[in-house]
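Student: Hey, can we go through this structure together? I'd like to know what to look at.

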There are 2 protein chains.
Amino acid sequence: MWDAVTPEASRRMLAAAVDAFAERGYHGTSTRQIAAAAGMSPAALYVHYRTKADLLYRIAERVHVSVLETLSAAMQDVDGHPERIRALMYAFARWHARHHHAARVIQNELGALEAGHARKIAALRREVRTLLRDAVRAGAAAGEFDVADVDGTSRALASLAIDVCRWYRPDGPRTPDEIGALYAHLALRMLRAD
Amino acid sequence: MWDAVTPEASRRMLAAAVDAFAERGYHGTSTRQIAAAAGMSPAALYVHYRTKADLLYRIAERVHVSVLETLSAAMQDVDGHPERIRALMYAFARWHARHHHAARVIQNELGALEAGHARKIAALRREVRTLLRDAVRAGAAAGEFDVADVDGTSRALASLAIDVCRWYRPDGPRTPDEIGALYAHLALRMLRAD
């Protein structure tokens, strides 16, 4: 997920910020601590990110763009309504297991984003929700899903996948792939499309 | 949920601490700020709670005991496996909508609990998970549910209900009752018991 961030120094600072926010929360962390964790001076950090708020925004942006790219790639060349839901849910849940650390930080700290940043992230989140809702609505319209409440049910699907980042542990009993497969199966049942 | 906390001064301090942790995170909040928000001196706060860690633990304890009491009450006098799942899921999701503010704080800050406190809260969380898993397992054993993965599926049910506290907004389109009803319906579908 972080490979898209260049140069390497910027990437290292984002990773250090994610760890620091996970450890002590956004408000409990200073830019000085982040710079130290990245092995840099506060002045060097300032060259790349002007403020702590800027760091939080860059992490949130990368996280949400990565989710969108992953879901778009998963849908590509997939035909059939149930197959699309299966592909989306598998990719969505798996992503949140694989990237649970950064995802958890961002879910917890969304409220700390500055107003302008928050609007941009909200727009990305709407895109993700729309993608899922459109897939549910299309299957329902085609008569292949049985869904009384398209909005509520697609919100539930997104919630189920996102919450993986809260409880997932790398030493737990299931791999990200297995969680993706189980959740794709449960999603199809929720739509009565299995 | 807070009525069980007495005297009134203790209750007021817990409420002030929940608000402060929601606003600035556990690590970003001082006991001095909590005392000020409760309209008290730091010395007065100290009479009731020795440390900030103690406040966090008392909130976490109250939240988890309230969930357990709510689920136990929901199951009482309910016969039939699907009916029990319906009652549990309705109560679980509804509770997380109604108490989203405190629940969100606690889900975000579980990692900040001290080791001894964390063990006690983990035990309460296991009780909640066991209640749900036993209800799923009993229905599967009776041949009324079709569940290949009892642990993974009951974890998914709990996750779905808990995550309501993250996204629920009081001014959103659905009431806690409506969310409870939708989630009970989706849970029965996930078990193929509807």
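Predicted model: local features only at pLDDT ≥ 70, side-chain atom pairs only at ≥ 80, totals over all residues.

Student: What share of chain A is buried?

Tutor: 53% of its 194 residues count as buried. As for the surface, the accessible area of chain A is about 8,700 Å², and 48% of that belongs to carbon and sulfur atoms.

Student: Switching topic: how many residues of chain A are in contact with chain B?

Tutor: 30 residues of chain A are in contact with 30 residues of chain B. The two chains bury about 2,700 Å² between them, with 47% of it on carbon and sulfur atoms.

Student: Why quote an area for that?

Tutor: Because the size of an interface is often given as the accessible area lost when the parts come together.

Student: Which residues of chain A lose the most area to chain B?

Tutor: His27(A), Arg166(A) and Arg189(A). Together they account for 23% of what the chain A side buries.

Student: How many salt bridges are there between the two chains?

Tutor: The count between chain A and chain B is 4. One of them pairs Asp146(B) with Arg189(A), with the closest N and O atoms 2.9 Å apart. Asp146(B) is in the loop between α7 (115–141) and α8 (150–162) of chain B, while Arg189(A) is in helix α10 of chain A.

Student: Are those two buried or exposed?

Tutor: Arg189(A) counts as buried at 6% relative accessibility, whereas Asp146(B) is partly exposed at 36%. There's also a salt bridge between Arg189(B) and Asp146(A), where the closest N and O atoms are 2.9 Å apart.

Student: Why would side chains like that pair up?

Tutor: Because side chains of opposite charge can pair when their charged atoms come close.

Student: How many salt bridges are there over all chains?

Tutor: A search of the whole structure finds 22. Take Arg137(B) and Asp151(B), whose side chains meet at 3.7 Å, N to O. Arg137(B) lies in helix α7 and Asp151(B) in helix α8 of chain B, so the pair ties together parts that are 14 residues apart in sequence.

Student: How accessible are Arg137(B) and Asp151(B)?

Tutor: Arg137(B) is partly exposed at 41%, and Asp151(B) is partly exposed at 40%. Asp163(B) has 3% relative accessibility, and Arg166(B) has 16%.

Student: Which residues of chain A are linked in a network of salt bridges?

Tutor: Asp54(A), Arg58(A) and Glu61(A) are linked that way.

Student: Now the backbone. Where is there a cis peptide bond?

Tutor: One joins Thr6(A) and Pro7(A), with omega about -5°. Pro7(A) sits in the segment before α1 (8–24) of chain A. In chain B, a cis peptide bond joins Thr6(B) and Pro7(B), also with omega about -5°.

Student: Why point those out?

Tutor: Because most peptide bonds are trans, and most residues other than glycine have a negative phi.

Student: So which residues have a positive phi without being glycine?

Tutor: Asp77(A) is one of them, at about 60°. Asp77(A) is in the loop between α4 (52–75) and α5 (81–98), and it is exposed, with a relative accessible area of 74%. Arg192(A) has a positive phi near 50°. You'll find Arg192(A) in the segment after α10 (176–190), partly exposed at 43%.

Notes: Residues numbered from 1 in each chain as written. Chains lettered and ligands numbered in written order. Heavy atoms only, no water. Buried < 20%, exposed > 50% of the residue type's maximum accessible area, 1.4 Å probe, protein only. Areas by Shrake-Rupley, 256 points an atom, 1.4 Å probe, with all protein chains shown as cover. Contact = heavy atoms within 4.5 Å. Buried area = accessible area lost by both parts, 1.4 Å probe. Helix = DSSP H or I, 4+ residues; strand = E, 2+ residues; numbered from the N terminus.
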